[in-house]
Amino acid sequence: MVVVTDDSPADNEPAAAGDSPASAEPAAAGLGPKRLPLLLILAAVLYGLDLLTKSIAVAKLTPGDPVYLIGDVVRFSLVRNPGAAFSMATGMTWLLTLVAAGVVVAVIRIGSTLRSPWWAVGLGMVLGGALGNLTDRLFRAPGPLQGHVVDFLAVGWWPVFNVADSAIVCGAILLVALTVFGFEPDGTRSTGKAAAGKGSAA
């Protein structure tokens, strides 16, 4: 009798302790791998492509002498841009340089926690583009923090742009779409979480 009563609590303790690892396994299994390597690889590819195309444009094009590719619609036209993407805010070069540096730091910090491949793609595009234009602002004339960005792509009436501008805009559009449709940086969907919460409450 005494042995049976002493054993019953001991039998219950392992069962209670065993519940927590079992319940923790599904949560851990739902997390995907970290996506920082994907972000950095894509950013490096876009950064290299931006530098290469700008170097070719500077070597082969003359300002004010466009090269027409498809009629008057698509052309190469070399422009030194002191402003932001698509020639905006031309009088704030130093401020734009600091903003670009802040964007680079912020993207890398966020990227270290990412588990969504699509968020990694979007942020990688933004990072690669920001680095490309930041390099121009730091190392091109007329000097550090005042450098003019090399733009050379022109389509119709759209302001002249470069690979970095395209990457930043496309990456930002992708990030907005992911946010609107509920895709979280950790790889989950907010709509799924809400549905799960309603189901458990019922």
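Guide: Contact means heavy atoms within 4.5 Å. Not counting residues up to four places away in sequence, L61 touches I56, V67, F76, S77, L78 and F152. This is a predicted model, in which local features need pLDDT of at least 70 and side-chain atom pairs count only at pLDDT 80 or more, while totals for chains, interfaces and linings use all residues. Residues are numbered from 1 along each chain as its sequence is written, and side-chain values use heavy atoms, with hydrogens and water left out.

Visitor: Where is L61 found, and is L61 buried or exposed?

Guide: Helices (H or I, at least four residues) and strands (E, at least two) are DSSP runs, numbered from the N terminus. L61 is found in the loop between helix 2 (36–60) and strand 1 (67–70). Buried means under 20% relative accessible area, exposed over 50%, and partly exposed in between (1.4 Å probe, protein chains only). L61 counts as buried because its relative accessibility is 13%. From L61 to L78 the C-alpha distance is 6.1 Å, across 17 residues in sequence.

Visitor: Which residues is D50 in contact with, leaving aside its neighbours within four places in sequence?

Guide: They are G132, N133, N162, V163 and A164. D50 lies in helix 2 and, at 0% relative accessibility, counts as buried.

Visitor: At what angle do helix 4 and helix 5 pack?

Guide: Axes are lines fitted to C-alpha atoms, for helices over the stretch in contact, and angles run from 0 to 180 degrees between N-to-C directions. Helix 4 and helix 5 (residues 163–180) pack at about 150 degrees, with axes 7 Å apart. Helix 4 is therefore roughly antiparallel to helix 5; angles under 35 degrees count as roughly parallel, over 145 as roughly antiparallel, 65 to 115 as roughly perpendicular and the rest as oblique.

Visitor: Where is the place of P142?

Guide: P142 is in the loop between helix 4 (117–139) and strand 3 (149–155). The peptide bond from A141 to P142 is cis, with omega near 10 degrees.

Visitor: What is the mean pLDDT of the chain?

Guide: pLDDT is the predictor's confidence in each residue, from 0 to 100. The chain has a mean of 81, and 73% of its residues reach 70 or more. Among the elements of the chain, helix 2 has the highest mean pLDDT (97) and helix 1 (residues 2–29) the lowest (46). Over residues 13–29 the pLDDT is below 50, and this stretch has zero contacts in the model beyond near neighbours in sequence. Where pLDDT is low, the predicted coordinates should not be read in detail.
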